[in-house]
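My entries follow the model shown here.

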Amino acid sequence: MNEQTFNLDGQEIPFAAGQSVMQAALAAGVFVPHLCYHPEFRPHGSCKLCTMKINGRPATSCTTPAAAGMEVESDTPEILDTRRILLQMLLVEGNHFCPSCEKSGHCKLQALGYELGVMSPHFNHFYPDRPVDASHPDVLLDFNRCILCELCIRASAEVDGKNVFALSGRGIKKHLIVNAESGKLGDTDFALTDKAAQVCPVGVILPKHKGFAVPIGQRRFDAEPISAHVEEFKPIAAAAPRAGDKP
Amino acid sequence: MLTDILDRHRRDGTRLMQILREAQEALGWLSPATITAIASGIGWPRAKVEGTASFYSFFHTRPMGEYRVLWSDNITDRMLGNLDLMQAMCQKLWLEPGRVSEDGLVSVDTTSCTGMCDQGPAVLVNYRAIPRMTRERVELMVELIRARKPLADWPADWFVIEDNIRRADILLGNRMAPGEALGAALAAGADAMLAEIRTSQLRGRGGAGFATGLKWEACRQARGTAHYVICNADEGEPGTFKDRVLLTRQPDLVFEGMTIAAHIIGARRGYVYLRGEYRYLLESLESVLAARRAAGLLGADILGKGFDFDIEIHLGAGAYVCGEESALIESLEGKRGVPRNRPPYPVTHGFLNQPTVVNNVETFAAAALIAARGGDWYRSFGTPRSAGTKILSVSGDCARPGVYEYPFGVSVRQVLADCGAHDSQAVQISGPSGICIGPDEFDRRIAFEDIPTAGAFMIFDIRRDIFDVVRNFIHFFAHESCGFCTPCRVGTTLLKNLMDKIAAGHGTRYDIDEIYQLNRVLRTAAHCGLGHTAANPLVHTLEKFRPAYERRLKSMEFEPAFDLDAALSEARQMTGRDDAGAHLATDTENAR
Ligand SMILES: Cc1cc2nc3c(=O)[nH]c(=O)nc-3n(C[C@H](O)[C@H](O)[C@H](O)COP(=O)(O)O)c2cc1C
Ligand code: SF4
Ligand code: SF4
Ligand code: FES
C-alpha cells in the first residue's frame with residue numbers, strides 16, 4: 001500500500017484514511033497543543049489551541065481530515081502567538097491560582113502555558129463567581145478552573161452512559177452544570193470510578209481525601225514539558241472524525 | 001397542562017424548542033420542576049434540557065414578571081431615543097432595568113435588534129412586537145400594566161407593523177396567483193427545474209452568496225433516508241427586516257420556492273425557522289399554509305402529481321447565532337444553537353444528519369419567480385455577475401426608511417438619494433458583520449462583485465458619533481456569542497471591555513493595538529462567522545473614522561503604567577464586592 005503524506009513544517013507526515021491532521025501529527029511524534037482533544041474521544045474543535053494554517057488558511061487541526069499533499073504550518077511565530085493568546089484568554093476567564101491548585105503539575109493548561117512561554121495572563125481577570133460543589137462524598141467540583149472543554153460531558157455520556165454533566169447559559173456566561181434538579185453533584189449517580197472523573201485536563205473534578213498525593217515538583221509535567229509526553233496523546237483507531245459530529 | 005403540550009409534540013425531543021416555548025407561555029417561566037418534567041417526558045437527561053432552555057434569551061429559568069417589556073437595542077433604536085424612553089418607563093414603574101418588580105408584575109430590559117428599525121423605537125411585550133414607541137405610549141403602557149390589562153385589550157393600533165415598501169421590483173411586485181410557479185415547476189420536472197435555477201445564476205441572499213443551483217444539486221445527489229428543506233427566517237443581523245416584509249406580503253411565493261426545492265431534492269418535509277421576535281407572524285403564516293393545503297399546493301399528492309410535501313413553522317427564541325445554518329439545525333433538533341464542525345456540510349449531513357438544503361427567505365422567493373419565468377428572464381436583471389434583484393432594509397438617518405428592492409448594481413449614492421438621506425457620514429451595509437463605508441465610497445455598488453449584502457443598510461449622518469455605533473455593535477456580538485470556542489467566547493467580551501474602557505475615557509493607543517491583535521485571533525481561530533467578523537466594525541472604522549477614537553483616547557502617546565481600577569479588582573474579588581461603589585469608573589459593565 002502506498003503511504004499518503006502531507007507536509008507539516010517541512011516534514012512529511014504519513015496518515016491513515018479518516019485521520020485528522022492533528023492525529024496524524026501526534027502519531028508521527030509531533031506534539032500539537034490541545035485541550036479539548038483526547039485520544040479516546042471524537043474531536044470537539046472548541047478550544048482552538050490546535051489551530052494551524054492548512055493550505056494557506058487557518059483551520060482547526062483536530063477536526064480537519066488529513067489529505068494527501070496538504071501544506072500545513074504549525075510552528076510559526078504567528079500561530080504560536082495565537083495559541084498563547086488563547087491560553088491567556090482561558091486564564092483570565094476562570095480563576096486559576098496554580099500554587100494552591102491540587103492539579104498543579106498535572107494540569108494541561110498550566111503545562112501548555114510553560115510549553116508556549118506564556119509569561120503573564122496579559123488581560124484583566126474576569127474573576128467570575130463560581131461556587132465550589134462539595135456535595136458529593138468522594139469528589140469535589142471546583143468550577144473556578146473549568147475551561148469548558150466538555151470532556152467530562154462526553155465521557156459521562158459516551159462511556160459511563162450517565163449524562164452527569166452538561167452546559168448551561170450562552171457566551172461568556174456559559175458554565176458547567178450537573179444532572180440534578182438541585183444542581184448538586186451529590187444528587188447525581190456520579191462515581192469516582194466514572195470515566196468522567198478521569199478526563200478533566202485542569203483541576204475541576206478532584207477526588208476528595210487524597211489531596212497532594214504526589215508532591216508538587218514531582219508531577220507529570222514538572223519533570224518534562226508536555227510536548228515530551230506526545231506518546232500519551234497518540235490516537236487510537238476508533239476516534240477518527242465521524243460524519244455529522246457534534247460538540 | 002404540560003402533559004397536553006408534551007403529547008401534542010409526541011414527546012419528541014427534537015421539538016424541545018416548541019415545547020419549552022409553549023410551556024413558558026402557559027406557566028410564565030421554566031421552573032426547575034417544569035424542566036425535570038419536560039426532560040422525563042421526552043426521555044432526555046434533565047441537564048440537557050436545562051442546557052437548551054438556558055441558551056436562548058427568550059426562555060426563562062427564573063421567575064419573570066407577568067409583563068416582560070424588552071426594548072430593541074439596535075443602534076437605530078438608540079438614535080430614536082429608546083434608552084430615554086426605557087429610563088422613563090423604569091422610573092414610572094419604580095424599577096431597575098433587568099430586574100423583576102417586587103410584586104412580580106413587570107420587568108423591563110433591552111434585547112438585540114427586533115427587526116423594526118424602520119419603525120423604532122420598538123419593544124416586545126411578552127414577545128409581541130410593538131413599534132413606534134413614544135413618551136405617550138410609555139405612559140399609557142405603564143397604566144395598562146399596572147391595571148393588569150391583558151395584551152388583547154391593549155390598543156390594537158399599537159401592534160400594527162408597517163411594511164414600508166418604498167421600491168418594489170420583481171419580488172415585492174409579484175402578483176402571481178398561488179400555485180402558478182409550482183405548477184410550472186411540476187410540469188417541467190425536477191431535472192429541467194434544477195437546470196433553470198442553475199441558468200438563473202441565483203446566489204443565496206442570506207449573506208454568503210453560495211450558488212443556489214449547486215447547493216440543491218449537491219443535496220439532491222446526497223444519499224440519506226430523508227431529505228429536508230429549511231427556510232432560514234432567523235433574520236437576526238441588526239438592521240435587517242426585509243424577510244419580515246417578504247413573509248408578510250409574499251408568503252405564498254416563499255412557501256412555493258420551498259416546495260419547488262423539495263421537489264428538486266426529493267424532500268417530503270420542510271421547516272421555516274422563524275425568529276422568536278416575529279412570533280406575531282405565526283398565526284397568519286399558519287393560515288397561509290392551511291390555505292395551500294386546501295388548494296392542493298401542500299400536503300399529500302400536490303397538484304395531483306403524486307408529490308408529497310409539507311411545511312412546519314418552528315419558532316426561535318432569541319439567539320442571533322441560530323441564523324448560522326448548522327446552529328439553526330441544532331436548534332431545530334431541540335439543542336443549544338451551537339455551530340457544527342464542518343465538513344460535513346448540511347447538504348449531506350443536516351437536519352437529523354440527513355441531506356438538507358438551508359436557504360434564506362428571499363432566495364426561496366426568487367427561486368419561485370425563476371420557476372415561473374425562467375432562468376434567462378431572471379438573469380436579465382442585475383449585473384452580469386450578480387443576477388436578479390436584492391431587497392435592502394434601509395434605516396437610520398433618512399426621510400423614508402423601509403424596504404427597497406433594486407436590481408443588483410445599484411450604487412450606494414442612488415439608494416441614499418431615493419430614501420432621502422442628507423449629510424450622510426457613513427453607511428453600515430449588511431449589518432455589524434458587514435462593512436462600514438464613508439462618502440468617498442458612495443459610488444460603490446450593491447453586488448456580489450463589489451459590496452455583497454444580506455440586506456441591512458443603516459445610515460448615519462454627520463451628527464452621529466461613529467464610536468457609539470461601533471460600541472453598540474461590539475456589545476451585540478458579545479451578547480450573542482454562543483460561547484462554544486475560546487476566541488469568540490472570551491475575545492468578544494475583551495473587545496466589549498475595551499470599548500467600555502475607551503468610552504469611559506481610560507483608553508490609550510495601547511488599547512487600539514489590542515483591538516487589532518484580538519481581531520487577528522478572532523479571524524484565524526474562531527469557529528464560525530460570528531466570531532470571524534465580530535471585530536469588523538472596529539477594523540472598518542478605526543482607519544476611516546479615526547477622530548471618533550482619538551477624541552476619546554487619553555493620549556495617543558501616553559500610557560499609564562498603573563490602572564488603579566484594575567488594581568482594585570483584586571480587592572473587589574476578595575471582599576466579594578462588585579457594585580458601582582467599588583469601582584472608580586461609573587461604568588460597572590467594565591468589571592464582570
Ligand atoms: C452568525 C451568522 C448568522 C447568520 N444569520 C443568518 C440569517 O439570519 N438569515 C440567513 O438567511 N442567513 C444567515 N446566515 C447565513 C447562513 O449560515 C446560510 O449561509 C444561509 O442561510 C444560506 O442561505 P442562502 O444560500 O440562501 O443565502 C448567518 C450566518 C452566520 C455566520
Ligand atoms: S470540568 Fe474539566 S473536563 Fe469538564 S468541561 Fe470543565 S475543564 Fe473540561
Ligand atoms: S465564533 Fe462565536 S458564535 Fe461562532 S462558534 Fe465560536 S463562540 Fe460560537
Ligand atoms: S484540540 Fe483542536 S480545538 Fe481543541
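**Strand pair in chain A**

Strands here are DSSP runs of E with at least two residues, helices are runs of H or I with at least four, and both are numbered from the N terminus; two strands pair if DSSP finds at least two bridges between them. Within this pair, Ala166(A) has Ile177(A) of β8(A) as its bridge partner. The hairpin has six residues between the strands, and I noted that Gly169(A) takes a positive phi near 75 degrees there.

**How the model is read**

This is a predicted model, in which local features need pLDDT of at least 70 and side-chain atom pairs count only at pLDDT 80 or more, while totals for chains, interfaces and linings use all residues. Residues are numbered from 1 along each chain as its sequence is written, chains are lettered from A and ligands numbered from 1 in the order in which they are written, and side-chain values use heavy atoms, with hydrogens and water left out.

**Ligand 1**

I then listed the 18 residues around ligand 1 (a heavy atom within 4 Å), of which Gly206(B), Asn232(B), Asn359(B), Asn360(B) and Thr363(B) come nearest. β10 (356–360) and α21 (529–533) of chain B each supply at least two residues of this shell, and β10(B) gives the most, with three. By class I found three nonpolar, nine polar and six charged residues, where Ala, Val, Leu, Ile, Met, Phe, Trp, Tyr, Cys and Pro count as nonpolar, Asp, Glu, Lys and Arg as charged, and the others, Gly among them, as polar.

For polar contacts with the ligand (pairs of N or O atoms within 3.5 Å), I noted a polar side-chain atom of Asn360(B) at 2.8 Å from an oxygen atom of ligand 1. A polar backbone atom of Glu235(B) is 3.1 Å from a ligand 1 oxygen atom.

**Ligand 2**

Around ligand 2 I found residues including Cys146(A), Cys149(A), Cys152(A), Cys200(A) and Glu150(A). This shell divides into 10 nonpolar, no polar and one charged residue.

**Cysteines**

How many disulfides does the structure hold over all chains? I found zero, a disulfide being a pair of cysteine sulfur atoms within 2.5 Å. Cys101(A) is without one because its sulfur is 6.3 Å from the closest cysteine sulfur, in Cys107(A), too far for a bond. Cys101(A) counts as buried at 8% relative accessibility, buried meaning under 20% relative accessible area with a 1.4 Å probe and protein chains only.

Methods. Polar contact = N/O pair within 3.5 Å; in protein donor to acceptor, adjacent residues only side chain to side chain. Buried < 20%, exposed > 50% of the residue type's maximum accessible area, 1.4 Å probe, protein only.
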